[in-house]
Amino acid sequence: MSPAIVCPHLAPPGAASAVRVPSLHDRVHKEECTQCFDSQDGENGVNVCLTCFNGGCMGNDDRNHSFLHYQNHKHPFVLNIRRVEKPKDESRPQKITKLAIEVESEEEKYDFIVKACCFDCGGAEIDGSPIKSAIDGVLNAMSSRKKSDVQAWQEEITACAHTSELAQGQPKSLGSHAQCKDCELQENLWLCLVCGNLGCGRQQYGGVGGNGHGVAHFEQTGHTVSCKMGTITPEGTADIFCYKCEDDRLDPHLARHLRNFGINIAEQQKTEKSLAELQLEQNLKFDFSMVTEDGKLFTPLFGPGYTGISNLGNTCYMASVVQSMFHLQEFQSLYLERGQKHIAGCRQVPADCYHCQMAKMADGICSGRYSTPVFDDEGEIRGQNGISPSMFKALLSKGHAEFSSMRQQDAQEYFQHLLKTIQKQERASGQDPSSVFQFTLEQRLQCERCRHVRYTQEKDVTSLALPVPAIKDDSGAYSAVSYENCLGSLFSEEQRTFNCPVCKDKTSLTTLTRIRQFPRVLVTPTNRFVIGANYVMEKLNVAIKAPMHLDIGIFRAPPRSSDETPFPEGADDQVKSGPAVDENAVDQLMAMGFPRNRCVRALVKTGNNGPDIAMNWLFEHMEDPDIDDPIEESKGGGGSSAGPSEEAIQSLIDMGFSRAQAKKAMSQTDNNMERAVDWLFSHMDDIPDEAADDGAAGTAAHASAQAASADDVDALPAKYELIGFISHKGTSAHCGHYVAHLRKGDQWVLFNDNKVVEVPDVAKAVGDGYIYIYRRLGA
């Protein structure tokens, strides 16, 4: 190894501006490259830019993202960090650890080999003493990935008035023997922060015992705040529960409150798992069978296309959806080929660049570079580490209240969120891979009295939510249903009451939905989660007999009859489905089992303020006599009198929409920018580019829709084959565990987080599917 040289580029005035000491707000990417999944554990380590703290790989034949960063940004100084695991010290007692984040210090587990380098000196190692403060700052800083990981294992907990303004009793010492006051339990103990009473908690996940004496103490005394013993750390964290709020809380004065009972927080060591850890552990126990009938483990798979995704903390929903998407050639080719070209010339911050992170994900999953066996101490294969896409999750969930959190989420909702994000990013490029999911539905509406008809089309639909018939047999178990039966229920004829504009009276309206254009990839989530007794969400554990091959040609839109009489043009608004609402919120409510009409009504009644508020409204108005009545569209389109700002209009134009489309969307959504974007993606094909304010374009669009011929009906065979399905185990879409089964050639593969194995008999698993994915033959 060549000795470190004295770098001449550190000497000039102004060179100091090229080297910075990271502040608490800087993200230091020192564990992993921002443009691939090479990490500090590799033989070449990671180069951390000492100007902007970007992390880059080095020394590879096909990629050198650290040098690329230097070329694009002219930041010459880097700190190379390589981590090497120390030999295990068997004599040292094992520490209590987080399930995936090591509480034990890295210095105890690893040796760190570091060196400062300068690209202006050809990448040579340099004497780092002149920039020692910056080097120490990088080494001591919590990495960007560790910040995300730590946050991923913590609930979003806040303080309340009861913890912030807690009034304590007289100081007292607890003594050395900790035991419940009312029984003999010595674990799962909760300390009343008002009087110092020790009471056992309720029985918890994983068989942790408890008789509920802590709750009984609250009921008897009204003392509201308790702290779980054994979860207290020197850093000032612990499980705090407020019985008045009935929720976990932060105690901003925990050290002072504990001192009242003789507890020095600085001397505490964590000895029990927190409630968040226990809940997560329970989720991970919803395991899917990984053994054959004769008890042998499924064969693990490695190499290109067989890369697992590590669970970052309740992220199995994301892993299953991402694996399914990048299983499709359309996503692989775009983000592998175009993505690498983008990385070569990207001038943005890679961790904040959509195209960089999509390219990184595609390379991580498809290259096979990170799908290598990991061996245990006995030399047996124990699986693979896979990839940990914390940057991907942070970026693509940014700004979303649920997906940016660390709670378990619904895989179908995340699928729709990801599609919408991709559509927004790729609209201007004209290379949207999510178009493989898009198809067109046609709805025929006919008044049963006057026989007038109207056709409506819903374009760019991306999934069909299938109803699941819940029929119990004599034993009380749900009977299995066929996939075709679920499809038939979705496309069955429906009748509802409406005010006919021709009859001038309340009559019966018949609606029939068919497919006008078929998708290349058909995604069909199942409505397994429904409103049960007492309006509590429950899961239908119904086995669905999904076929390997499927023909849905029977649901093709039929030719229109020349004998039909359309509703008059002036009656258009009275026949259509209702006012503009946030379609993403509608999808989330419908996934809970509510009919579309009720979802739209709830959103309108609550001012389009999101699915949570709308859901509460639904629960309060389930018995309203008009809950299922048709919803009339408000006059004037709901536009704000102030008009949209030019900045908002220009933002929509920059996304690829015309000025007329942008103005129309803003007028329909009270000039709300975020809702306008959602509205545009839901109504793109209903608005001509030359849309005018006087309504002439709307009349033309109506005439065009009514005069549509059979020429635009997809007449090709509608035969499909099953290529994958996402399954769920647990009681709710927001708890439990998700996995993906994907077909590769003649082989079925199970992706269970970072465990990737061959499935010899997929027929036993297919009935548990939550989301089924079919590909059109020949597409």
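This is a predicted model: local features need pLDDT of at least 70, side-chain atom pairs count only at pLDDT 80 or more; totals for chains, interfaces and linings use all residues.
Residues are numbered from 1 along each chain as its sequence is written, and side-chain values use heavy atoms, with hydrogens and water left out.

The chain has 23 helices and 25 strands; those are DSSP runs numbered from the N terminus, with helices being H or I of at least four residues and strands E of at least two.

Now, salt bridges. Side chains of opposite charge can pair when their charged atoms come close. Here we ask for a side-chain nitrogen of Lys or Arg within 4 Å of a carboxyl oxygen of Asp or Glu, and searching the whole structure turns up 22.

Take glutamate 32 and lysine 360, whose closest N and O atoms are 2.9 Å apart. Glutamate 32 sits in the segment before strand 1 and lysine 360 in helix 11, so the pair ties together parts 328 residues apart in sequence. Glutamate 32 is buried at 4% relative accessibility, and lysine 360 is buried at 1%.

Another one joins aspartate 714 and arginine 776, at 2.8 Å. Aspartate 714 is in the loop between helix 22 and strand 21, while arginine 776 is in strand 25, 62 residues apart. Both of these are buried too.

Finally, Asp38, Asp62, Arg63, Asp363 and Arg369 are linked in a salt-bridge network.

Definitions and conventions: Buried means under 20% relative accessible area, exposed over 50%, partly exposed in between (1.4 Å probe, protein chains only).
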